[in-house]
Amino acid sequence: MRTAQPGLLQIVLAPIVFGVAVILLWQGLVTGLAIKAFILPAPFAIGAEFTANLQNVANGMAVTGRNALIGLVIGALLGIALAIVSALARLFDGMAAPVVAALSVVPIVALAPVLYTMFGAGAETARQLVAALAVFVPVYFNTLKGLRMVRPVHRDLMRAYAVTNWQATRAVTLPTALPFVFTGLRIASSLAVISALIAEYFGGPVGGLGKSITSAASSSNYGLAWAYVLGSIILGLAFYCAALIVETLVTRNHTQHQ
Amino acid sequence: MSTSMTNDVPAVRVQGVTRIFAARKGSGVTALDDVSLTVAPGEFVSLIGPSGCGKSTLLRLVADLDVPTSGSIEVFGKPARQARIDQDYGIAFQQAGLLPWRTVAGNIELPLELHGVGKAARRARAAELIALVGLADFASHYPDQLSGGMQQRVAIARSLAESPSLLLMDEPFGALDEMTRERMQNELVRICAETQAAVVFVTHSIPEAVFLSNRVVVMSPRPGRIRSIVSVGLGEMSGRGEDLREDEGFFHALSQVRELLHGDEAGINPTGVRGVETR
């Protein structure tokens with residue numbers, strides 16, 4: 001049975017009230033204690049910079065967002081495909097496991113300088129690859145886990161029905177794995193944005209949010225730097241929420257209650 | 001299906017079946033040791049015994065979900081594997097095992113869909129079965145919106161989808177509370193009377209076995225063997241109702257099975273034993 005949903009008021013209003021209170025407190029502290037802008041700018045100052053440079057922030061979001069999205073798609077497709085191969089072929093799983101484990105402990109953004117020399121500092125390829133690698137790991141692990149979650153009773157049922165392997169895969173294995181794939185994608189969605197953004201710190205063309213944050217900060221324009229940070233928060237949230245919405249829609253009835 | 005089978009071909013014939021599960025060390029575990037059993041068409045046979053007596057293993061062997069180490073199993077005169085491929089039986093497990101992403105109707109249609117039955121025919125058959133198990137108002141519900149008893153009724157409807165002449169049931173009511181359980185037993189009796197299918201029913205409940213069965217197969221553990229077979233003789237399926245639970249013959253069969261289970265064979269009065277085949 002489903003639990004009762006909390007009211008709309010509770011979902012929408014409570015965080016808004018809390019957020020407004022925090023911003024007012026922040027503004028009060030900065031003006032009241034006369035905190036310098038390079039330590040912490042006031043929220044209204046950041047807001048003013050954000051609206052004044054809306055076009056620049058939006059351009060930055062588009063550049064970084066595009067890199068993150070391309071990385072997300074490449075990494076997700078690769079992760080799902082290799083997980084399926086691993087689930088089907090034990091030998092491949094044995095070979096891939098240490099490589100993927102190694103990948104998961106490497107701070108992937110640290111590969112950015114190497115990739116810039118490989119693909120040239122004028123191209124976005126290195127950033128997209130960094131995002132793809134960061135996405136690959138959680139998608140691969142979650143998908144593989146999902147593919148192995150088929151319950152014994154379902155396996156028995158498929159054998160009793162004397163169906164082909166492919167029929168069993170379509171009827172039971174893939175739908176069982178689906179919620180796990182989407183959990184992986186949800187985790188990966190914010191990782192993609194973070195990785196694409198951080199990769200910009202290590203070089204490459206200007207225009208993205210990461211580059212804009214560093215250049216604004218180095219020219220002592222702290223309000224503007226924070227406006228770009230605000231832009232990257234919005235971008236990350238947009239990715240996460242999009243993934244969450246798709247996940248909720250697709251896996252509505254896939255949860256297994258026992 | 002096998003409705004055209006003549007009466008002299010048994011629904012299930014198990015001959016000298018042994019199943020040994022390999023162990024890492026030593027000689028392995030003997031789950032079943034030289035078991036033989038015949039189930040007539042339309043007959044309801046229960047397998048009962050303590051855990052480890054191999055009753056579920058025997059059912060899985062008949063379903064060809066597992067293969068015997070030695071001995072032979074025939075279902076309607078064919079090897080068990082061929083019977084599985086020909087879909088000669090329907091099966092229900094202790095867990096309902098419904099697919100949570102399919103509705104009640106979708107779950108019942110699953111075997112029909114997998115075996116290429118057309119959409120309209122599928123719909124009609126599912127509606128029929130949903131009515132049979134009394135879930136007409138729940139056809140478009142998802143399994144997690146149903147109680148355990150209702151889920152199990154869907155699983156039973158699913159096992160009946162292709163009108164099998166043999167039903168294999170592995171403790172289908174094992175996870176239900178006592179009241180739901182008795183209601184489900186009454187429904188199963190009614191369904192069996194309507195479908196005329198033979199049933200092999202695994203249970204660890206003595207009253208359940210006696211109430212449902214024509215014959216109760218009492219098994220003993222380590223190694224799994226058939227200790228005795230009790231013919232219950234409580235009459236036709238269609239005549240079995242709630243009042244049967246108060247019947248004297250019911251209590252007689254009950255104590256007979258209980259004494260056999262407890263290994264107290266000497267305690268049975270030989271003159272009072274009707275149709276017990278002591279092996």
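The model is predicted: local features need pLDDT of at least 70, side-chain atom pairs count only at pLDDT 80 or more, and totals for chains, interfaces and linings use all residues. Residues are numbered from 1 along each chain as its sequence is written, while chains are lettered from A and ligands numbered from 1 in the order in which they are written.

Start in chain B. Strand β1 (residues 12-21) pairs with strand β4 (residues 70-75) in the antiparallel sense, over 5 bridges. Strands are DSSP runs of E with at least two residues, helices are runs of H or I with at least four, and both are numbered from the N terminus. Pairing requires at least two DSSP bridges between the strands. B:S70 of β4(B) faces B:T18. β4(B) also runs antiparallel to strand β5 (residues 78-79) of chain B, joined by 2 bridges. Here B:E74 stands opposite B:P79.

Now the interface. 19 residues of chain A contact 17 residues of chain B (C-beta atoms, placed from the backbone, within 7 Å). On the chain A side, α7 (152-160) and α8 (165-199) each give two or more residues. α7(A) gives the most, with 6 residues.

Within chain A, helices α3 (residues 54-88) and α4 (residues 90-105) pack at about 130°, with axes 5 Å apart. Axes are lines fitted to C-alpha atoms, for helices over the stretch in contact, and angles run from 0 to 180 degrees between N-to-C directions. A:L82, A:V85 and A:S86 of α3(A) meet A:F92, A:D93 and A:A96 of α4(A).

Methods. Contact = placed C-beta atoms within 7 Å.
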